[in-house]
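Hello,

Here is the structure we talked about handing over. My notes on it follow below.

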Amino acid sequence: MEISRFAIEDNPYEDVSTKFFILNTNHRNNPADHYDMIKRKKAAAYFDPWKHKIDQLAKGDTVFLYKSGIGIVAMGSASGRVERAPYQGNKDYADEEHFMTLNGFRTIDPPLSAAEIKAITRTDYVFRSTLFSIDEESGTVIERECRERKTNEPSTASR
């Protein structure tokens with residue numbers, strides 16, 4: 001049987017990224033930022049140069065939301081569309097928030113702590129950065145562990 005080099009039908013998964021990222025929710029600097037990300041199911045960063053970190057996310061990237069001192073508290077898949085807003089609605093800070101909606105958003109309970117992340121990935125991550133990528137193998141292990149925990153996964157009706 002001969003296989004054609006060109007697909008006749010569109011493969012919906014061919015352009016889905018397999019990248020994994022950990023995003024600090026900025027809770028230590030401003031708890032309102034953290035709670036806004038959880039409430040609005042989004043990944044966000046604020047002000048130069050940090051807000052531009054969100055611009056590197058691509059559709060389908062898995063984003064783990066990390067609360068300092070607690071661990072991964074939520075996760076979702078990047079929508080691929082960067083949006084901009086005034087920071088905390090203040091017109092004096094127009095476009096100082098870059099954010100992206102996280103599809104399939106779910107909270108993680110209990111959160112996956114930094115110590116647990118380091119143990120299951122055998123990697124000594126430093127969680128001080130706003131946003132950093134992790135390798136696919138580590139991302140897959142973290143994702144599996146998060147999915148095994150109690151979550152408030154969206155219902156199938158909302159997908």
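In β6, Ala78 has Leu102 as its bridge partner. This is a predicted model, in which local features need pLDDT of at least 70 and side-chain atom pairs count only at pLDDT 80 or more, while totals for chains, interfaces and linings use all residues. Residues are numbered from 1 along each chain as its sequence is written, and side-chain values use heavy atoms, with hydrogens and water left out.

Helices (H or I, at least four residues) and strands (E, at least two) are DSSP runs, numbered from the N terminus. Two strands pair if DSSP finds at least two bridges between them.

Strand β4 (residues 71-78) pairs with strand β6 (residues 97-112) in the antiparallel sense, over five bridges. β4 also pairs with strand β3 (residues 62-67), again antiparallel, over six bridges. Thr62 has Ser77 as its bridge partner in β4. Three residues separate β3 and β4, which form a hairpin, and Gly69 in the turn has a positive phi of about 80 degrees.

Seven of the eight residues of β4 are buried, so the strand is largely enclosed by the rest of the structure. Buried means under 20% relative accessible area, exposed over 50%, and partly exposed in between (1.4 Å probe, protein chains only).

Ser138 lies in helix α3 (residues 136-148) and is buried, with a relative accessible area of 5%. Leaving aside neighbours within four places in sequence, Ser138 is in contact (heavy atoms within 4.5 Å) with Thr121, Thr123 and Tyr125.

Regards
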